[in-house]
Amino acid sequence: MALSSSASSPGGRASRASPWARAAPGVPDGHVADVRVSPADPARRYLLAEPWTRQDAPGTITLHLYRSTDGGGVWRSLPVTIPAKPLPGNHASGRPTLLVIDPADDDTLYLGTNGHGLYRVHVPSLMQGDAAAVTELSRSLPQGTFFGPQSLLVFPETPGLLVAATVGGGIWRSQDGGKSWRLASAPGLFAFCLAADPARPGRLLAGLPEKRLLESLDQGKTWKEKFLPGDRPPHVAVQAIAFDPARPGHMAVGTAAYDQKASDGLYQSRDGGATFVRTPFPGAPVGVTALSPGPDGLWAGYNGLGVWRLEPNP
């Protein structure tokens, strides 16, 4: 289960990918939290950013949302203002973390933060300045702490169903589009990411500390614990999960470490997660911070060491 580099990284093989170029005119320099492409119209894309320079009004947080309708050629700024909330602990950064397009309407988005909650945004209303364009969905959650882009699942086959992973608050489930929520896991759980298996409808996986996974076979109603192989140090957590839609049974799990310690890297499975094998990495033992399906299989983002493609050979 080899890796192929798509960036200039130590130990990587020659890239077969096209050279990378910045493609975000109109977006200021800073962090990009998430990018999404509309499944209905690939030319329509959304980007959630965190500029280096912030100018929030007192008592508010600005979520820097951008939209492109020409495949990323031009981006329009659509700032979303939300109330600043007291952060619940050191695990809450307050940063923007997730952007999800509603599968039933690509004018409706879900925006999440690590500490300031979860919001539904109706883009046409936002562009018109309508105060009702932004709706908070996390009022009934004990902690509005969403770790990253994989902290929320929506389901095209089940309109209104949301499953949310929160840091320090557990996994929650809503059947009414976020108006109300029910706790679906142990309370207080640190849940970092979620992924749905395209080959098995209803099957979900969640990433936890200590190289643990939770598996659900009923769209998040109930969960059962699983483990990655090897030692399970408390500072190593599962922070990314991806299924390969082109190769049923193939999936990857990425780990990262707290406290500037060595990560355990990437694990892959060829049997849907029944067994896992650790994938050696030629560089430093950094965390896998992103996993996603893409051209020719699954792609992995290693913290500081580029984007890598998982070779399709078993």
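Guide: A residue is called buried when its relative accessible area is under 20%, exposed when that area is over 50%, and partly exposed in between. Keep in mind that this is a predicted model.

Visitor: Why is Arg36 called partly exposed?

Guide: Arg36 has a relative accessibility of 26%.

Visitor: How many salt bridges does the structure hold?

Guide: There are 16 salt bridges in the structure. Another one joins Arg212 and Glu210, with the closest N and O atoms 3.6 Å apart. Arg212 is buried at 17% relative accessibility, while Glu210 is partly exposed at 29%.

Visitor: What makes Asp264 and Arg278 a salt bridge that ties parts together?

Guide: Their closest N and O atoms are 3.6 Å apart, and the limit is 4 Å, so the pair is a salt bridge. Asp264 lies in the loop between β20 and β21, and Arg278 is in strand β22, so the pair ties together parts that are 14 residues apart in sequence. Asp264 is buried, with a relative accessible area of 19%, whereas Arg278 is partly exposed at 43%.

Visitor: What makes Glu215 and Arg203 a polar contact?

Guide: The contact between their side chains is 2.7 Å. Glu215 is found in strand β17 and counts as buried at 16% relative accessibility.

Visitor: Why is the pair of Phe281 and Trp308 called edge-to-face?

Guide: A search of the whole structure finds five aromatic pairs. In this one the ring centres are 5.1 Å apart and the planes stand at 75°. Centres within 6.5 Å make a pair, and planes over 60 degrees apart make it edge-to-face, so Phe281 and Trp308 are an edge-to-face pair. Phe281 lies in the loop between β22 and β23, and Trp308 in strand β25, so they tie together parts that are 27 residues apart in sequence. Both Phe281 and Trp308 are buried.

Visitor: Why is the pair of Tyr302 and Trp308 also edge-to-face?

Guide: Their ring centres are 6.4 Å apart, which is within 6.5 Å, and their planes are at 70°, which is over 60, so this pair is edge-to-face. Tyr302 is buried, as is Trp308.

Visitor: How do you know that Gly287 is buried?

Guide: Gly287 has a relative accessible area of 10%. That is under 20%, so Gly287 counts as buried. Gly287 lies in the loop between β22 and β23, and Tyr302 is one of the residues that Gly287 touches.

Technical notes
Residues numbered from 1 in each chain as written. Predicted model: local features only at pLDDT ≥ 70, side-chain atom pairs only at ≥ 80, totals over all residues. Heavy atoms only, no water. Salt bridge = Lys/Arg side-chain N within 4 Å of Asp/Glu carboxyl O. Buried < 20%, exposed > 50% of the residue type's maximum accessible area, 1.4 Å probe, protein only. Helix = DSSP H or I, 4+ residues; strand = E, 2+ residues; numbered from the N terminus. Polar contact = N/O pair within 3.5 Å; in protein donor to acceptor, adjacent residues only side chain to side chain. Contact = heavy atoms within 4.5 Å. Phe/Tyr/Trp six-rings, centres within 6.5 Å; stacked < 30°, edge-to-face > 60°. Lists of a residue's contacts leave out its neighbours within four places in sequence.
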